[in-house]
Amino acid sequence: MTQKNQTVDAAIIGGGPVGSYTALQLAKRGIQTTVFEEHAQIGVPNHCAGHISIRSLKTMNLYPLPTGIVENTFRVANFYSPQGTKFTLHLNSPVTCALNRTYFDQMIADQAQKAGAEFALNSQVQSLNLQNGVTRGFMVQQTDGSNVQVNSKVVFDCEGISSRLLRQAGLTTLRPNGLVYAIETEIEGIQNVEMQGVEVYFGSGYAPGFYGWLIPRPDGTAKLGLATKQGNPRTYLNRLMTKHPVAKEQLTKAKITNMSYHAITLGGPISRNYTDGFLAIGDCASQVKPTTGGGVIFGLTAAKAAVEVAADAIRSGDVSAHALEAYQKRCKDLFNFDFQVMLRLRSFLNSLSDQKLDEMFRVVGKLGVDKALRNADEIDFQGKLLLSAASKPQMLAALGYFGLLYLTTNP
Ligand SMILES: Cc1cc2nc3c(=O)[nH]c(=O)nc-3n(C[C@H](O)[C@H](O)[C@H](O)COP(=O)(O)OP(=O)(O)OC[C@H]3O[C@@H](n4cnc5c(N)ncnc54)[C@H](O)[C@@H]3O)c2cc1C
């Protein structure tokens, strides 16, 4: 077996959106960067619904997107209680879009390459190279059987939820009780679905501990998925398609054409995301919204922060934990408030029985909460969204009602 050596300033584990965006930011700063991705192709296989906030993409300088990447845009969200009570949010203009995640990931990787980053595909990082607790690089195995010893000033761990290498770096890994197990499918033949809206289904019989989603495309195909805290997601999907009072009508002629399984981490960010010569970004650092499981925008936002800190550290020659600690501080400033709010919302939702959920849907509809949120365009930073909406009388009433519900559910 052959073994080669490679030395770079910045080595990235994983060519998902977060790894490629990190590479783009590093390369733009003139830092010699290589991304190591275990698969043969960027963006394949895909396991993500790709439902993303337009405003956040604009903040990342990623919107408008090239033709073919945006599959649909949405200004409506229909939420269904376990018994099928509907609460609709109509927004003034499209706020979210559904992306083809394969093309989106490939676009970011292309941008990174054009900026000077290199990509090593078919290259699985096996183990970190630690010297006295300091990460100096890692060992890569390529699909042809050869090994590469990579030496790097800073290792950026963007390996996604597997977070195997995070453990080797000595960092605490994702909270197991924060995981939900998702099934994501491609379907055709949907009916009675508004093309400008996403459908969201709640209920312990269909998606205990999370929810189900349907994200339509104008051609009558859609992404249909759900996640569950326990049990087999496929069994729950069958039940959603055949028993849910609304979904069964929309999906009676639907045919599944593709299916994948993947976990989602809802437990909030890991307690420490840096160590000597090492930074963890994206899903592997659990930078994912505990309410919706959306992780693309938070991962990209954290990537920017990581690169700002690491670029200075690489240039100054000090990549110690002390120098990299500023990344964690920036993440706290960026997200901490929103994560605290979303973690509470998640545990609140998880604590509600189906009966209480049904009641909540009826009350929220009557209070006119949709009117209070009509101008909302922020779906990622949900703590800030709640703060800005809380001044509206409908929202105040709803928050008061949620408080009561919380007290009666968690005495
Ligand atoms: C069913 C489902 C639906 C979702 N829907 C949405 C949504 O609508 N909106 C949203 O914002 N988020 C959504 N998410 C979450 C979103 O997919 C993730 O937050 C996002 O992909 C995280 O990006 P990442 O780059 O951190 O990790 P990933 O996208 O997982 O990329 C990690 C990459 O690292 C590679 N890798 C792993 N280990 C190694 C190794 N040892 N060596 C080399 N390469 C390695 C992997 O092959 C992969 O390419 C969803 C997730 C699931 C499971």
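How many residues of the shell around the ligand are nonpolar, how many polar and how many charged? The shell divides into 14 nonpolar, 18 polar and 5 charged residues. Here Ala, Val, Leu, Ile, Met, Phe, Trp, Tyr, Cys and Pro count as nonpolar, Asp, Glu, Lys and Arg as charged, and the others, Gly among them, as polar. The model is a predicted one, in which local features need pLDDT of at least 70 and side-chain atom pairs count only at pLDDT 80 or more, while totals for chains, interfaces and linings use all residues. Residue numbers start from 1 along each chain as its sequence is written.

In total, 37 residues surround the ligand, and the closest are Gly14, Gly16, Gly160, Gly282 and Gly295. A residue is near a molecule or strand if its C-beta atom, placed from the backbone, lies within 6 Å of it. Several elements supply at least two shell residues each: helices H1 (17-28) and H7 (296-316), plus strands S3 (51-53), S9 (123-131), S12 (179-188) and S16 (255-265). Helices (H or I, at least four residues) and strands (E, at least two) are DSSP runs, numbered from the N terminus. As for where the ligand sits, domain 1 (3-46 + 103-174 + 269-343) and domain 2 (177-265) both give residues to its shell, so the ligand lies between them. The domain bounds come from an automatic or database domain assignment.

Next come the sheets. Strands of a sheet pair through backbone hydrogen bonds, either parallel or antiparallel. In this model two strands pair if DSSP finds at least two bridges between them. An open sheet of 7 strands runs in the order S6-S5-S13-S14-S15-S12-S16, with mixed pairing. Its edge strands are S6 (86-90) and S16, each pairing on one side only. Neighbouring strands of this sheet are turned by 15° against each other on average, direction ignored. For such angles, axes are lines fitted to C-alpha atoms, for helices over the stretch in contact, and the angles run from 0 to 180 degrees between N-to-C directions.

Strand S5 (residues 76-80) shows both kinds of pairing. With S6, S5 runs antiparallel and is joined by 5 bridges; with strand S13 (residues 197-201), S5 pairs in the parallel sense, again over 5 bridges. Ala77 stands opposite Leu89 in S6 and opposite Val198 in S13. S5 and S6 form a hairpin with 5 residues between them, and Gly84 in the turn has a positive phi of about 100°.

Another open sheet has 3 strands in the order S3-S7-S4, with antiparallel pairing. S3 and S4 (70-74) are its edge strands, each pairing on one side only. The twist averages 30° from one strand to the next. S4 and S7 (residues 96-99) pair over 4 bridges in the antiparallel sense, with Thr73 opposite Cys97 in S7. S3 also turns up in the ligand shell, as one of the elements that supply at least two residues.

Two helix pairs are worth a look. H1 packs against H3 (residues 101-114) at an angle of about 20°, with the axes 8 Å apart. That makes H1 roughly parallel to H3, and their crossing is left-handed. The axes of H7 and H8 (residues 321-351) come within 9 Å and cross at roughly 150°. H7 and H8 are therefore roughly antiparallel to each other, and H7 passes H8 in a right-handed crossing. Angles under 35 degrees count as roughly parallel, over 145 as roughly antiparallel, 65 to 115 as roughly perpendicular and the rest as oblique. A crossing is left-handed if the near helix is turned anticlockwise from the far one by less than a right angle, and right-handed if clockwise.

Most residues other than glycine have a negative phi, and most peptide bonds are trans. The peptide bond from Val44 to Pro45 is cis, with omega near 0°, and Pro45 lies in the loop between S2 (33-36) and S3. Tyr63 and Pro64 are likewise joined by a cis peptide bond, with omega about 0°; Pro64 is in the loop between H2 (54-59) and S4. Ser163, although not a glycine, has a positive phi of about 45°, and lies in the loop between S11 (147-157) and H4 (164-168).
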